[in-house]
Amino acid sequence: MAEERAQPLRLGSIAPNFKAQTTKGDIDFHEFIGDNWVVLFSHPEDYTPVCTTELGAFAKLEPEFTKRGVKLIGLSANTIDSHDGWIKDIDEISGSKLSFPIIGDKERKVAYLYDMLDYQDTTNVDSKGIAFTIRSVFIIDPKKTIRLILSYPASTGRNTAEVLRVVDSLQTGDKHRVTTPINWVPGDDVIVHPSVNNDLAKELFPDFKIVKPYLRFTPLPKEKTSAA
């Protein structure tokens, strides 16, 4: 099985294209992305406890992603028919109305393409011993470039608010030529990008402050971020 795995993807790689069946019909992934941002996230298996709580949380937060021009798309190593039944449970348990597509990847084709598998967790396998997907997250921009990769073990649920926070950081940074410090949330001060010299910084950020030559903070109100 290990020989079949694709080369690991890197930040800055073009997201590999694929065709797949989803709960919303067949897709070509690059066509699905279009001019949007996309969050692609995988799940080990349908009808499992942690996955159920995660999908409910993503469904509840979907309107916030949509406001930012972000499409959600899930993946689980089961059939579409299985997904359809599982979604009913998710909506019942979480009070959500899950509307984004979930890829049916029973043969793990997309999972191998995106290296969504764990070499070591021997408990994370199906009845045939085939590895289930782990909890991978990919944030992909409209240029089809991978901007974030996260991998969680099957036992640990993700933090959907953190995924949204990273989207805000990336989109805000692209627009305003800034980077974001640790624990940043929209409305906090940001860091002037190293490529912006002080003369240009004075024009772009009249209130910026030099802490060190390499560390310059500037206010950026929440209404100027993608969270607005």
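The model is predicted. The chain has 228 residues, and 48% of them are buried. Its secondary structure consists of 6 helices and 11 strands. Along the principal axes, the C-alpha atoms fill a box of roughly 60 × 40 × 30 Å. Contacts reach across the sequence. Take the contacts between residues at least 6 apart in sequence: 65% of these join residues at least 24 apart.

The chain is divided into two parts. Domain 1 covers 13-158, and domain 2 covers 177-224. Their centres, taken over C-alpha atoms, are separated by 34 Å.

Next comes helix packing. Two packed helices are described by the angle between their axes and the distance between the axes. Helix H2 spans residues 49-67, and helix H5 spans residues 160-176. Their axes come within 10 Å and cross at roughly 20°. An angle under 35 degrees counts as roughly parallel, so H2 is roughly parallel to H5. The crossing of the two is right-handed. On the H2 side, the contact is made by Ala57, Phe58, Leu61, Glu64 and Phe65. H5 contributes Thr160, Ala161, Val163, Leu164 and Val167. By type, the residues of this contact are 8 nonpolar, 1 polar and 1 charged.

H2 also packs on helix H3, residues 80-94. Here the axes are 9 Å apart, and the angle is about 70°. Angles of 65 to 115 degrees count as roughly perpendicular, and H2 and H3 are therefore roughly perpendicular to each other. H2 brings Cys51, Thr52, Leu55, Gly56 and Lys60 to this contact. H3 brings Trp86, Ile90, Ile93 and Ser94. The residues of this contact divide into 5 nonpolar, 3 polar and 1 charged.

Tyr47 lies in the loop between strand E3 (37-43) and H2. Its phi is near 55°, a positive value in a residue other than glycine. Tyr47 has 45% relative accessibility, so it counts as partly exposed. Lys144 also has a positive phi, near 70°, and is likewise a residue other than glycine. Lys144 sits in the loop between strand E6 (135-140) and strand E7 (146-152). The cut-off for buried is under 20% relative accessible area. Lys144 is at 17%, so it counts as buried.

Two further residues belong to the later part of the chain. Pro181 is in the loop between strand E8 (178-179) and strand E9 (190-192). With a relative accessible area of 22%, Pro181 is partly exposed. Leaving aside residues up to four places away in sequence, Pro181 touches Arg165, Asp189, Val190, Ile191 and Phe217. Asp35 is 146 residues away from Pro181 along the chain, and 28 Å separate their C-alpha atoms.

Asn198 is in helix H6, residues 198-204. Its relative accessible area is 32%, so Asn198 is partly exposed. Its contacts, not counting residues up to four places away in sequence, are Phe208, Ile210 and Arg216. Val178 lies 20 residues from Asn198 along the chain, with 13 Å between the two C-alpha atoms.

Methods:
Residues are numbered from 1 along each chain as its sequence is written. This is a predicted model: local features need pLDDT of at least 70, side-chain atom pairs count only at pLDDT 80 or more; totals for chains, interfaces and linings use all residues. Side-chain values use heavy atoms; hydrogens and water are left out. Axes are lines fitted to C-alpha atoms, for helices over the stretch in contact, and angles run from 0 to 180 degrees between N-to-C directions. Helices (H or I, at least four residues) and strands (E, at least two) are DSSP runs, numbered from the N terminus. Angles under 35 degrees count as roughly parallel, over 145 as roughly antiparallel, 65 to 115 as roughly perpendicular and the rest as oblique. A crossing is left-handed if the near helix is turned anticlockwise from the far one by less than a right angle, and right-handed if clockwise. Contact means heavy atoms within 4.5 Å. Ala, Val, Leu, Ile, Met, Phe, Trp, Tyr, Cys and Pro count as nonpolar, Asp, Glu, Lys and Arg as charged, and the others, Gly among them, as polar. Domain bounds come from an automatic or database domain assignment. Buried means under 20% relative accessible area, exposed over 50%, partly exposed in between (1.4 Å probe, protein chains only).
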